[in-house]
Amino acid sequence: MDFTPTEEQTAAQGLAARIFGDLSVHERLVAAGTGTDAELWKELCAAGLPGAVEEIGLLGLVLLLEEQGRTTAQVPFASSCVYGLLAVAGHGTDEQCRRLLPQLRDGTAVAAGAFPAGGAVQVRPEGGLSGAVPLVPWLREATHVLVAAADRSLWIVRTADAGVLAEPVETTAPWSAGRLVLDGASAERLGGARAYEEMLATARTAFAGLQAGVCAGAVARAVEHTGTREQFGRPLSTNQGVLLRAADAHMDTEAIRVTAYEAAWLHDQSLPCAAQALTAAWWASEAGKRVVHAAQHLHGGTGADLDHPVHRHFLWGRQLDAYLGCGSEVLQELGGLLVKEGSR
């Protein structure tokens with residue numbers, strides 16, 4: 001198992017780091033509010049980064065999402081790459097790939113993912129989908145939504161079609177989310193019987209990578225603050241309690257990163273990765289929550305300022321914790337999967 005990035009992955013990560021670093025700055029994030037930074041999204045698409053995901057694989061995407069997470073950039077990059085590009089490229093027909101992939105590559109089409117719990121969306125006998133999904137990240141920016149029905153079949157829905165309603169929903173992190181309501185909406189099937197499980201593992205791995213970046217950015221801000229802020233004539237970072245808290249946060253971040261890398265590497269090698277994706281999701285949920293709390297705490301009173309950049313990492317970390325399913329739920333599913341695999 002070798003996580004060393006290829007030349008293409010390294011080049012794409014470097015380009016992403018430069019674009020996110022130059023454009024996703026605190027002032028622009030404040031100005032964007034809860035919406036998408038349209039200029040940043042245009043720049044990413046012009047640089048060919050969404051389209052590059054098809055070539056650099058899921059591990060490459062995880063590397064790119066780390067860079068998005070470091071800056072908490074408000075663009076539907078993770079959503080459109082996972083639920084659009086990788087979904088269609090991996091499970092679409094030749095016709096679907098010819099029709100949808102060019103639009104997803106250049107950013108004229110944006111995908112969101114609706115993976116409801118409890119079978120909220122039903123396939124009507126006469127055709128079409130009906131039901132509601134209470135939270136779909138980046139739905140307000142999406143032209144297409146990848147919908148999982150109660151029978152775990154996957155469907156592509158156009159948000160502009162009749163029978164599709166996107167109601168704005170505000171979430172902990174500013175993800176342009178919405179509530180998806182379907183009333184006999186026309187939809188086209190994507191993939192076969194295994195598509196749902198494969199896409200769920202892909203999404204968990206990718207968003208764990210995003211959480212690794214969020215945590216890395218939060219730790220970096222905490223290190224900078226404690227290294228420059230003085231108390232009683234010396235930097236805060238010289239206090240043993242501060243050092244230990246920061247070290248724990250760093251190790252948690254590394255655990256999120258390496259488990260996401262493992263799941264992504266297995267996926268790219270066409271090897272089973274469901275258990276590894278759940279492991280990455282568990283670390284991203286449980287450890288990610290610890291890291292963003294620690295980073296905010298290490299800022300002291302400054303960390304309580306809702307306008308401080310570190311608070312944005314806190315919001316993203318908590319939102320990803322909830323989106324990935326919360327640690328206890330993920331752990332229960334992982335245990336069930338391991339028991340099932342052990343009985344074969």
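What volume does the second largest cavity have? I looked this up and found about 40 Å³, where a cavity is a set of points on a 1 Å grid over the protein atoms alone at which a 1.4 Å probe fits but cannot get out, and a volume is the space filled by probe spheres set on the points, which are joined across faces, edges and corners.

I note that this is a predicted model, in which local features need pLDDT of at least 70 and side-chain atom pairs count only at pLDDT 80 or more, while totals for chains, interfaces and linings use all residues. Residues are numbered from 1 along each chain as its sequence is written, and side-chain values use heavy atoms, with hydrogens and water left out.

**Entry on the cavities**

I searched the whole structure and found 2 cavities of 30 Å³ or more. For the lining of the second largest cavity, whose residues have an atom within 4 Å of a point, I listed several residues, including Gln68, Trp138, Trp175 and Trp316. I saw that helix α5 gives the largest share of this lining, 3 residues, where helices (H or I, at least four residues) and strands (E, at least two) are DSSP runs numbered from the N terminus.

I then turned to the largest cavity, with a volume of about 80 Å³, and found Tyr83, His144 and Ile156 among the residues that line it. I noted that α5, α6 (94–106) and β4 (144–148) each supply at least two residues of this lining, which divides into 8 nonpolar, 2 polar and no charged residues. Here Ala, Val, Leu, Ile, Met, Phe, Trp, Tyr, Cys and Pro count as nonpolar, Asp, Glu, Lys and Arg as charged, and the others, Gly among them, as polar.

**Entry on helix α1**

I checked which residues of α1 are buried (under 20% relative accessible area, with exposed over 50% and partly exposed in between, for a 1.4 Å probe and protein chains only), and found Gln9, Ala12, Gln13, Ala16, Ile19, Phe20 and Leu23. Seen down the axis of α1, these buried residues fall within an arc of 135 degrees, so they line one face of the helix; the arc is that of the directions from the helix axis to the C-beta atoms. On the face turned away from that buried side I found the exposed residues Glu7, Ala11 and Asp22.

**Entry on two loop residues**

I found a positive phi, near 45 degrees, at threonine 72, and another, near 50 degrees, at serine 176. Threonine 72 is in the loop between α4 (49–71) and α5 (77–91), and serine 176 is in the loop between β6 (164–168) and β7 (178–185).

Notes. 1 Å grid on protein atoms, 1.4 Å probe; cavity = no way out; pocket = protein on both sides within 12 Å on 5 of 7 lines; lining within 4 Å.
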